[in-house]
Amino acid sequence: MILNALSLAIVHTGDAVSMWKSSTFAAIISGVALFALLFIPLVISHYRSFGSVNAQRLIGAGMFSVYGVAIFTFTLLPLPDPATMRCTRSREPNFLPGQSLFKAIDDTAGWSWTERLLSAHFLQLPFNILLFIPLGLFLCGYFRWSKTSATLTAIALSFLIECTQATGMWWLLPCPHRFGDIDDLILNSLGGFIGALCAPLLWRLFPDAHELHAKRDAPRPLSVSRRFIGMLFDTLFVLLIEVGLFATVGLFMIGYQRVIENVPLEALTFNPPGWLAPLLVLVAAIIVFYLPACFGHGASIGQRLVWLSFVTKEGEAPSLRRRIVRASASAGLLLFFQCLWALPHWRAEFYGVNLIDIGTRGVGIMLVLSVVSVLFTRNSRGLSATIAGLELVDRRSVEQRITVNASQ
């Protein structure tokens, strides 16, 4: 008897379950993609706010990314084709509390209680509660908001969703594609409140951001992973500067053709001069490596973000000469070979030597040396610091020593 009821319920809920599955899949894929886009900014913010990466809060940010997308996919997707959607009065919003329950009872008249409780008509009611429980959990357990703030946020978000449904995506569609329902608003708000009440369960899982920030200035042990993260940041900054400058030059050249030379849109072209790519590499190297080497202890932008610095063996600040040598020994050579790699082909030959081939091999060799030297040098100081005779230290330990010496 129970098996028959379950089979009937599955038939009745087939379309809804299929839609929920597709929404879940879309939320996971899109949420992971969103977290991937935010990963580098999140790591940077962790180093600046907490002094190091807190894995628990980083994982929590990933979970919140997936959940944030899930709210969107479950409440607003899939979107219909405006050209084929049918507009009926049955999609008008419901302003009568409890109407969803009465409608579910009417729509399942003649069904057994098992079939009713397992049908989409009834399952959507507790689902509206469950959908917003994580919101209260995250707002109070992860962000440490008050229960009142979390509940009010749940109410406001649910109200925004119901308005979006009732207005057909704010009149972008010819008519509403989902029901605006006050019962959904009530149940969503209840879910947010329940999540806020259960938030203390997450306090051990996600450390308080304020407590982590209070310990930000405490020196941390040097690690290979931290060194590689600094190198990753430097690489990303170099790429961003090169791409940004290249795009700026391209827009300027296209704009010049269009505005000054009155070239038609379909005839616009972008033929960058051969010297542009090497010049952009040089500019990026100056900004990321050589300008920072002229100030402080000479660490690059990426190294400064992860609180790394360099000192002499005596613990003193290195001279400008040593800082420039350190910047040139690894990153400088790497970018020099990259400049050769980017040379135009008509200038690649120099006394019978192909400079592009030298640049290609040089880039590969320098990449390998940079990685290997971090693994096998003292305190992961790397090739450049070894050549310059410098030691890698946590910048906060240097600042603490300066503070102590000044107080004496």
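Leaving out residues up to four places away in sequence, N128 touches D184, L187 and N188; contact here means heavy atoms within 4.5 Å. This is a predicted model, in which local features need pLDDT of at least 70 and side-chain atom pairs count only at pLDDT 80 or more, while totals for chains, interfaces and linings use all residues. Residues are numbered from 1 along each chain as its sequence is written, and side-chain values use heavy atoms, with hydrogens and water left out.

Where does N128 lie? Look in helix 6, residues 120-142; helices are DSSP runs of H or I with at least four residues, numbered from the N terminus. With a relative accessible area of 12%, N128 is buried, a word that means under 20% (1.4 Å probe, protein chains only). Its side chain makes a polar contact with the side chain of D184 at 2.9 Å. Such a contact is a pair of N or O atoms within 3.5 Å; within protein, one must be able to donate a hydrogen and the other to accept it, and residues adjacent in sequence count only if both atoms are side-chain atoms. The side chain of N128 also reaches the backbone oxygen of Q124, again at 2.9 Å.

Now follow D184 into helix 9, where the buried residues include D184, L187 and N188. At the start of this helix, a side-chain oxygen of D181 comes to within 2.9 Å of the backbone nitrogen of D183. Helix 9 has 16 residues (182-197), so at 1.5 Å a residue it should span 22 Å, and its end C-alpha atoms, 23 Å apart, agree with that. The expected span is 1.5 Å times one less than the number of residues.

Helix 9 also has a packing partner. Helix 7 (residues 147-166) packs against helix 9 at an angle of about 155 degrees, with the axes 8 Å apart. Axes are lines fitted to C-alpha atoms, for helices over the stretch in contact, and angles run from 0 to 180 degrees between N-to-C directions. The two helices are therefore roughly antiparallel, the term for angles over 145 degrees. Among the residues that meet are A150, A154 and F159 of helix 7, and L185, S189 and F193 of helix 9.

Finally, visit N54, in the loop between helix 2 (14-50) and helix 3 (55-76). N54 is buried, with a relative accessible area of 13%. Its side chain reaches the backbone nitrogen of R57 at 2.9 Å. N54 and P207 are 153 residues apart in sequence, and their C-alpha atoms are 8.5 Å apart in space.

Technical notes. Buried means under 20% relative accessible area, exposed over 50%, partly exposed in between (1.4 Å probe, protein chains only). Angles under 35 degrees count as roughly parallel, over 145 as roughly antiparallel, 65 to 115 as roughly perpendicular and the rest as oblique.
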